[in-house]
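Subject: Structure handover: ligand site and pockets

Hello,

Here is the structure you asked for. My notes on the ligand and the pockets follow below it.

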Amino acid sequence: MKSIDQVRAFWESNPLWTGESKHQAGTLLFYEEHRAVYIGDCFAGNFDIRFLPSPQGQNMSVLDLGCGIGFWVTEFGMRGLNNLYAADLTSQALKLTQKRLDAYGLKAELNLQNAESMSFESDTFNHVNCQGVIHHTPDTETSIAEIARVLKSGGTASISVYYRNLILKLWPYVHWLGWLLTKLGGGLKGRGREEIFLKSDIDEIVRLYDGDSNPIGKSYTREQFEDLLKKHFVIQEIYLHFFPARSLPFKIPKILHRWLDKHLGFMIYATVQKPCVD
Ligand SMILES: C[S@@+](CC[C@H](N)C(=O)[O-])C[C@H]1O[C@@H](n2cnc3c(N)ncnc32)[C@H](O)[C@@H]1O
């Protein structure tokens, strides 16, 4: 198993969206391009309001854990939430998150934190947002326990991991399709991922999605994800998203993209609640 130091070293040198963007990291163009691709491509054009904390009291404290380049905390700020915290394992992520917030005139308190052992007091936040983070860390289970610990009683969290969807399950039998897609110009640009479709090992495909030197990328079935969450939370809702259509060598109709995003998304999202203690 790879170590947290290897994970930190990778993300320090390869913050999200760097290596794929046309623009210099930290510029407004970089953030706008990232937002357009994240919502338009990965979420098929739909910013799902289930990602937002609910009820949305203005003063509710929200932690964006593993904030990356600040997409989520900025979206929350733009929607009027004003007691925002963002944390990441790497200083580069915090730097790029601060620049993103500044670019939109928003504020949040930023913290360097390891999700596996956070320095926040127990029972601190009303909501934790943690998208695409805990499948990159060695001890995913402890990270979930930590999210529960820092939440107030009755607080909520939105957590996502890579989903072992039907496409991944079937891939070992049809991976010759990957050769065809690559020949036609499919794949992902930058971060050493151009030949992602040539891999037959699905764990390797999942790891490679974030870059060829990414040390850890795990995927889960719905049952495995629920088992991890059930130990600490009441599960309110589970849903899918994330179909990066830009990796295909041809354009697909919007309606098909939306269907794939909803039914064959590569990420699984859970809205969970920490049980209330009277
Ligand atoms: C794929 S990016 C996701 C960023 C962001 N959540 C988003 O959805 O745009 C993964 C981020 O998780 C961070 N990360 C990985 N392991 C972590 C850990 N143990 N604690 C905190 N952050 C971590 C990485 O530094 C990186 O910024």
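A polar side-chain atom of Thr 137 lies 2.9 Å from a nitrogen atom of the ligand, a polar contact (a pair of N or O atoms within 3.5 Å). Taken alone, the ligand exposes 600 Å². The protein buries 97% of that, with accessible areas from the Shrake-Rupley method and a 1.4 Å probe.

Before the rest, some ground rules. This is a predicted model, in which local features need pLDDT of at least 70 and side-chain atom pairs count only at pLDDT 80 or more, while totals for chains, interfaces and linings use all residues. Residues are numbered from 1 along each chain as its sequence is written, and side-chain values use heavy atoms, with hydrogens and water left out.

**Ligand site**

Asp 88 places a polar side-chain atom 2.6 Å from an oxygen atom of the ligand. Leu 89 uses its backbone: a polar atom there is 3.2 Å from a ligand nitrogen.

The shell around the ligand has 21 residues, each with a heavy atom within 4 Å of it. Tyr 38, Gly 66, Asp 88, Ala 115 and Gln 131 come nearest. By class, the shell has 10 nonpolar, 9 polar and 2 charged residues; Gly counts as polar here. Helix H1 (residues 4-13) gives the largest share, 3 residues. Helices are DSSP runs (H or I) of at least four residues, and strands (E) of at least two.

Where does the ligand sit? It sits in the largest cavity, with more than half of its atoms within 2 Å of the grid points. A cavity is a set of points on a 1 Å grid over the protein atoms alone, where a 1.4 Å probe fits but cannot get out.

**Pockets**

A pocket is an open set of such points, with protein on both sides within 12 Å along at least five of seven lines; lining residues have an atom within 4 Å of a point.

The largest pocket has a volume of about 610 Å³. It is lined by 26 residues, with Ile 167, Phe 197, Phe 243, Ser 247 and Phe 266 closest to its centre. H6 supplies the largest share of the lining, 6 residues. The classes are 25 nonpolar, 1 polar and no charged.

The second largest pocket holds about 230 Å³. Its lining includes Asp 41, Arg 246, Lys 251 and His 257. Helices H2 (28-42) and H10 (254-263) each give two or more residues.

Best wishes

Key: A polar contact is a pair of N or O atoms within 3.5 Å; within protein, one must be able to donate a hydrogen and the other to accept it, and residues adjacent in sequence count only if both atoms are side-chain atoms. Grid points are joined across faces, edges and corners, and a volume is the space filled by probe spheres set on the points.
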